[in-house]
Amino acid sequence: MPPPPEVPTVQLRHDIYPAIDPNPHYTAQTYKSKIVLITGASRGIGSETALMYARSGASVILLSRKQETLSEVKAEIVKDLRGKEGVIVDTIMGDVVDVGQVKSAVEGIIGKYGRLDICIANAGKTNKWDKPMVENDPEDWWNIMEVNLRGVFNVAHFALPHIDKAHGYFLITASNAGYRRIPGASAYVISKLAVGRLNEYAHLEHPNVKSIAFHPGVIGTELGNVNEEVLKPMMLDTVQLAGATLLQLASGKYDWLSGRFFSATWDLEELERVWKDDILEEDAFVARLAMPKACI
């Protein structure tokens, strides 16, 4: 009897690979004249992504709660650009949980630059995954939900109408943890599951916007290191992988992923070449209830 046919699997990536190489975007200045807002931009994934977009010609607006760290990131990007003309690096101090501050930030961007092309909702928070939810302080537990879900909603609420006009991109830093049950991580997991569905609604209600919920990998950033004891064996990924993937997702080539979940560790080129038709036909990479076959 011949062996069963081999089932293809997506190759996992942990750092920059050819399909997401940012250098062609740097050379072509792919994002020249684009206005890009990045929340949670003062560290890790946010600051690396801001640098890559700026190198690609975009004007980047960095939003975070701490002006000191924002100023440090801005200085690093400006130094890296070496006086490149036409690229603006701006900062806004604000808390994504505060409706008024988000409203003011987006209105300020539109008033100053006249448009918003790309928004990366990257601000996030976690707690220690060391106790069940009934042993967590209720205010601390809910604050994780506030930052990870309400924070993204606030940004979406005020940014999407403007991105819609630009036929632009709304990219959300989600997590594959949202589709797992991790003991002690209830606030983080539930918030990331919910934000994945929010992404589906952004796509549904704003068809001119390409909206993607994006898992950046498991990275040893300040956020990831909160649960280093649990995550360290899985910390194989880099901020460069996340940043270069976010740069590629807004390039126009992968718009078919809009309304879906995507992991930076999946090889984009291989995913499109091998799996795209099946993903679209089966409406995959969205949240749905698992049902026993007898009930379907």
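A: The structure holds 7 aromatic pairs, where rings of Phe, Tyr and Trp (its six-membered ring) pair if their centres lie within 6.5 Å. This is a predicted model, in which local features need pLDDT of at least 70 and side-chain atom pairs count only at pLDDT 80 or more, while totals for chains, interfaces and linings use all residues. Residues are numbered from 1 along each chain as its sequence is written, and side-chain values use heavy atoms, with hydrogens and water left out.

Q: What kind of pair do Phe262 and Trp266 make?

A: The pair is edge-to-face, because the ring centres of Phe262 and Trp266 are 5.7 Å apart and the planes stand at 85°. Planes under 30 degrees apart count as stacked, over 60 as edge-to-face and the rest as tilted.

Q: Is Phe262 buried or exposed?

A: Phe262 is buried, at a relative accessible area of 0%. Buried means under 20% relative accessible area, exposed over 50%, and partly exposed in between (1.4 Å probe, protein chains only).

Q: Which residues form the aromatic cluster?

A: Tyr179, Phe261, Phe262, Trp266 and Phe285 form one cluster.

Q: Now charges. How many salt bridges are there?

A: The count comes to 10, a salt bridge being a side-chain nitrogen of Lys or Arg within 4 Å of a carboxyl oxygen of Asp or Glu.

Q: Which residue does Arg115 bridge to?

A: Arg115 forms a salt bridge with Asp117, and their closest N and O atoms are 2.4 Å apart. Arg115 is partly exposed at 36%, whereas Asp117 is buried at 2%.
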